Amino acid sequence: MSTVPVPVTMDDHRNCPATSVLRRVGDKWSVVILSILARGARGFNELDRSVEGLSRRMLTRTLRGLEEDGLISRTVHPSAPPRVDYALTDLGRSFLEPVVALGLWAVDHQPSLEAARTRARHDRAMRVTAR
């Protein structure tokens, strides 16, 4: 593991390769879309119907970002109307491995995380009432 320079400058943060990857993992829809595509290629309309609460505009933006990062491919099929399919790339499949591991970790440790949050809320409340 590399060390983080202290203090961390804005340039350090901006130029860190992990920053953009963690942004991708942390955005609202990318992991959901990647998880759906892990089951196989899908057309735009299939993806649109697969995720409740995801607007077509946000789906388009998310797909463009994933494609720009090389995590998915976009294939246009010449038909009337044209059909566009999205699929995971090899890079996208390799990206999902640590993301799935992180998700499993979160599920396994959810009780401990909730207990810590409850303790922290309780401690904050006690500090406020002690004033």
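**Exercises on the salt bridges**

The structure holds eight salt bridges. The model is predicted. The exercises below treat some of these contacts.

**Exercise 1.** Determine which residue forms a salt bridge with Asp11, and where both residues lie.

*Solution.* 
1. The partner of Asp11 is Arg14, and the closest N and O atoms of the pair are 2.7 Å apart.

**Exercise 2.** Classify Asp11 and Arg14 as buried, partly exposed or exposed.

*Solution.* 
1. Buried means under 20% relative accessible area and exposed means over 50%, with partly exposed in between.
2. Asp11 has a relative accessible area of 44%, so this residue is partly exposed.
3. Arg14 has a relative accessibility of 54% and therefore counts as exposed.

**Exercise 3.** Locate the two residues of the salt bridge between Asp69 and Arg24, and state how many residues apart they are.

*Solution.* 
1. The side chains of Asp69 and Arg24 meet at 2.9 Å, N to O.
2. Asp69 is found in the loop between α5 (56-68) and β2 (72-77), whereas Arg24 is part of helix α2 (residues 17-26).
3. The two residues are 45 residues apart, and the pair thus links distant parts of the chain.
4. With a relative accessible area of 38%, Asp69 is partly exposed. Arg24, at 14%, is buried, because its value is under 20%.

**Exercise 4.** Identify which residues are linked with Arg24 in a network of salt bridges.

*Solution.* 
1. The network joins Arg24, Asp27 and Asp69.
2. One of its salt bridges is the contact between Asp69 and Arg24 from the previous exercise.

**Exercise 5.** Arg83 forms a salt bridge with Asp85. Decide for each residue whether it is buried or partly exposed.

*Solution.* 
1. The closest N and O atoms of Arg83 and Asp85 are 2.8 Å apart.
2. Arg83 has a relative accessible area of 39%, so this residue is partly exposed.
3. Asp85 has a relative accessibility of 15% and counts as buried, because this value is under 20%.

Notes
Residues are numbered from 1 along each chain as its sequence is written. This is a predicted model: local features need pLDDT of at least 70, side-chain atom pairs count only at pLDDT 80 or more; totals for chains, interfaces and linings use all residues. Side-chain values use heavy atoms; hydrogens and water are left out. A salt bridge is a side-chain nitrogen of Lys or Arg within 4 Å of a carboxyl oxygen of Asp or Glu. Helices (H or I, at least four residues) and strands (E, at least two) are DSSP runs, numbered from the N terminus. Buried means under 20% relative accessible area, exposed over 50%, partly exposed in between (1.4 Å probe, protein chains only).
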